[in-house]
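These are my notebook entries on one protein structure. I set down what I looked up, topic by topic.

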Amino acid sequence: MPLLEANGLSVTFGGLKALADVDLRIDTGELLAVIGPNGAGKSTLLNALTGLYKPSAGRVAFDGKDITGMRPDIIVRGGVGRIFQNGKLFRRLSVVENVMLGAAIAPAPAGSFASRRHAEAAWRDAALQMLERFGLASLATRSIDSLSYGNRRLVEMAKVLAGRPRLLLLDEPAAGLNLGEVEALMTRLRQLRADHDLTILLIEHNMSMVMRLAERIVVLNFGQKLAEGTPAEIQRDPRVLEAYLGTGYEHVEVQPD
Ligand code: ADP
Ligand code: MG
């Protein structure tokens, strides 16, 4: 059952076709990676899926409902969480306050939150719980400014997940992380999938991470879908090697772990 489905999706900027007639399907519970060179249209694809860019053609359906042209905040509240390539945290708020903003997105149980105080307490609980799961509880009262880059990225992830999305869209989450942080991120993603039945679309240049996590890979190039397949298929696809992975690409042994 597709959780998200895009058909013939196109986005143009002036004369530039940043996305050209792309079909995409993500099944419930799946981890789909989207890879491709810089400028291939990967972030544009996420923007078109989440209502930030208006597609010039094509449709997007989430959970069986047409969401084409809907406002981004409505799409987010419908269960689509997104991590941005450049980060979106409020630097002058504390860690827990930032994560509370994410928690406020989650649908409240009917009849709850008699008062604003009540709602805030619930958001705080949810935020602290999520920070705990990310091993960040001890940083709750710190300001974002005082965190390492790696921890900021983890706080962002906690913030989006506190909103209890069904689909998580990640735009280059490993960029700028060191090896240990990448491993920690991968462990966290695996755990989240196991615990929450989370469906994930991952955009990433770290090929070791992509090949080890993804069940299926879509390759974009010049706004078009160049290839689609399992990690093993993509790694030996001559078109992908030529356009993106390159001749020096070292094969990563793929083991579903
Ligand atoms: P990727 O994420 O794969 O690196 P992008 O989706 O960011 O690529 O960009 C795809 C193409 O669309 C690039 O040529 C980029 O310059 C262009 N582009 C993206 N966003 C805009 C925008 N808001 N206005 C004009 N051009 C854009
Ligand atoms: Mg991008």
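Entry 1, the hairpin. I looked up the turn between E1 and E2 and found two residues between the strands, with glycine 14 taking a positive phi near 55°. The model I am reading is a predicted one. Strand E1 covers residues 2-13 and pairs with E2 in the antiparallel sense over eight bridges. Within this pairing I noted glutamate 5, which stands opposite arginine 25 in E2.

Entry 2, the sheet. In which order do the four strands of the open sheet lie? I read the order as E2-E1-E4-E5, with antiparallel pairing. Strand E2 (16-27) and strand E5 (65-66) stand at the edges with a single partner strand each, so one side of each has no neighbour in the sheet. I then turned to the pairing of E5 with strand E4, residues 57-62, and found that it is antiparallel and runs over two bridges. Here alanine 61 is the residue opposite aspartate 66 in E5.

I found the protein divided into domain 1, made of 1-79 and 165-257, and domain 2, made of 91-163. Their C-alpha centres lie 26 Å apart. For the contact between them, I recorded 19 residues of domain 1 and 13 residues of domain 2. The two domains bury about 1300 Å² between them, and 64% of this area is on carbon and sulfur atoms. Which three residues supply more than any other three of the area that domain 1 buries against domain 2? I noted Arg77, Pro165 and Arg188, which together supply 34% of it.

I counted one salt bridge between domain 1 and domain 2. Aspartate 195 forms a salt bridge with arginine 133, and the closest N and O atoms are 2.7 Å apart. I also counted four residue pairs in polar contact between the domains.

Entry 6, the side of domain 1 that touches domain 2. I listed helix H2 (72-77), strand E7 (167-171) and helix H6 (179-196) as each supplying at least two residues of this side. Helix H6 gives the most, with seven residues. By class, I recorded 11 nonpolar, two polar and six charged residues on this side of domain 1.

Terms used:
Residues numbered from 1 in each chain as written. Chains lettered and ligands numbered in written order. Predicted model: local features only at pLDDT ≥ 70, side-chain atom pairs only at ≥ 80, totals over all residues. Heavy atoms only, no water. Domains from an automatic or database assignment. Contact = heavy atoms within 4.5 Å. Buried area = accessible area lost by both parts, 1.4 Å probe. Salt bridge = Lys/Arg side-chain N within 4 Å of Asp/Glu carboxyl O. Polar contact = N/O pair within 3.5 Å; in protein donor to acceptor, adjacent residues only side chain to side chain. Nonpolar A, V, L, I, M, F, W, Y, C, P; charged D, E, K, R; others polar. Pairing = 2+ DSSP bridges.
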